[in-house]
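Please open the model in a viewer and keep the selection tool at hand. The stops below are to be visited in order.

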Amino acid sequence: MSGILDGKRLLVTGVITEQSLGFGVAKYAQEQGADVVLTGFGRLSLVERIAKKLPKPAPVVELDATDPEQLAGLADKVREHVPSIDGVLHAIAFAPPGALGGNFLNTEWADVAKAVEVSTFTYKSLAVAALPLMENGGAVVGLDFDAQQAWPVYDWMGVAKAGLEAVNRYLARDLGPKGIRVNLVSAGPQRTMAAKSIPGFEAFEEAWTKRAPLGWSLTDSEPVAKACVALLSDLFPATSGEIIHVDGGFHAVGVERTENVSTGQ
Ligand code: NAP
């Protein structure tokens, strides 16, 4: 059976559980024909265990995306498994507890700096570290949470995501001439480790399930994976600097769904 990623090789970050959005992308990418290499942060044996749950067990290379030495060595480590890549997924975020949960006015700069370093700056760092592997062009895809408005409890992570959206545009500007497309998928809430570490995250879950025009599953990450895979494939050859919402249509509407829609018939 042919897939939209037949013959492609991808580097996927951010896998720590089977619920990780990165895991969903790695799985769907393999189902669409890709060879996948994963990166793992710190707890490598855990990532290796999860990697074995993919349709085709994937190799894991170590990457702390804030560590300049590991970033500099990334291309060589990936080349131990594949000669080059066609795309890379950034699925990395972290904010210290003080930067989340409704403490916005009192958060210390050190906590804000950590959130932005991990969740925003690493998008650029990862793209640059992967450049030597994409000499014939490729795609960079990242995962966003809509930063056009202020949310409850999301606090400085929301600011970090606003920065991520800006980094996406600047990367598109600077990598376009190298034939590299750079796009974000803005996902609705999913019950992952990162989400569970946000106190009050239930507020998103309730709002989404009531408001998203298409409805929304908090546990099925396949719609997000499909959009990422499409952007990593050849199906979007002239799209860059874009943010694609995969949120059940939530961003487009202001209040809860109503079942009383007149069709005029
Ligand atoms: P997740 O499974 O917890 O994945 C987050 C990953 O980031 C983990 O693998 C984590 O590793 C890794 N990470 C943290 N610091 C790192 C570093 N310095 N270097 C390399 N990796 C690092 O949660 P997720 O929800 O799938 O998150 C993936 C992306 O989706 C994030 O950008 C998140 O903001 C975005 N997103 C999530 C949602 C949602 O509702 N879940 C919605 C929209 C967007 P460790 O666990 O080992 O620390």
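**A tour by selection**

Select Phe-145, Trp-151, Tyr-154, Phe-201, Phe-204, Trp-208 and Phe-250: together they form one aromatic cluster. Rings of Phe, Tyr and Trp (its six-membered ring) pair if their centres lie within 6.5 Å; planes under 30 degrees apart count as stacked, over 60 as edge-to-face and the rest as tilted. This is a predicted model, in which local features need pLDDT of at least 70 and side-chain atom pairs count only at pLDDT 80 or more, while totals for chains, interfaces and linings use all residues. Residues are numbered from 1 along each chain as its sequence is written, and side-chain values use heavy atoms, with hydrogens and water left out.

**Aromatic pairs**

A search of the whole structure finds eleven aromatic pairs. Phe-104 lies in the loop between strand S4 (87-90) and helix H4 (109-130) and Trp-156 in helix H5 (residues 155-175), so the pair ties together parts that are 52 residues apart in sequence. Helices (H or I, at least four residues) and strands (E, at least two) are DSSP runs, numbered from the N terminus.

Next, select Trp-151 and Trp-208, whose ring centres are 5.7 Å apart and whose planes stand at 40°, so this pair is tilted. Trp-151 is in the loop between strand S5 (138-144) and H5, and Trp-208 is in helix H7 (residues 202-211), 57 residues apart. Both Trp-151 and Trp-208 are buried; buried means under 20% relative accessible area, exposed over 50%, and partly exposed in between (1.4 Å probe, protein chains only).

**Strand S5**

Now select S5, where seven of its seven residues are buried. On one side are Gly-138, Val-140, Gly-142 and Asp-144, and on the other Ala-139, Val-141 and Leu-143. In a regular strand the side chains alternate between the two faces of the sheet.

**Helix contacts**

Select helix H3 (residues 68-79) with H4. Which residues make the contact? Leu-71, Leu-74 and Ala-75 of H3 meet Ser-125, Leu-126 and Ala-129 of H4, where contact means heavy atoms within 4.5 Å.

**Helix H1**

Finally, select helix H1 (residues 21-31): nine of its eleven residues are buried, so H1 is largely enclosed by the rest of the structure. Gly-33, which follows H1, has a positive phi near 105°.

Conventions:
Axes are lines fitted to C-alpha atoms, for helices over the stretch in contact, and angles run from 0 to 180 degrees between N-to-C directions.
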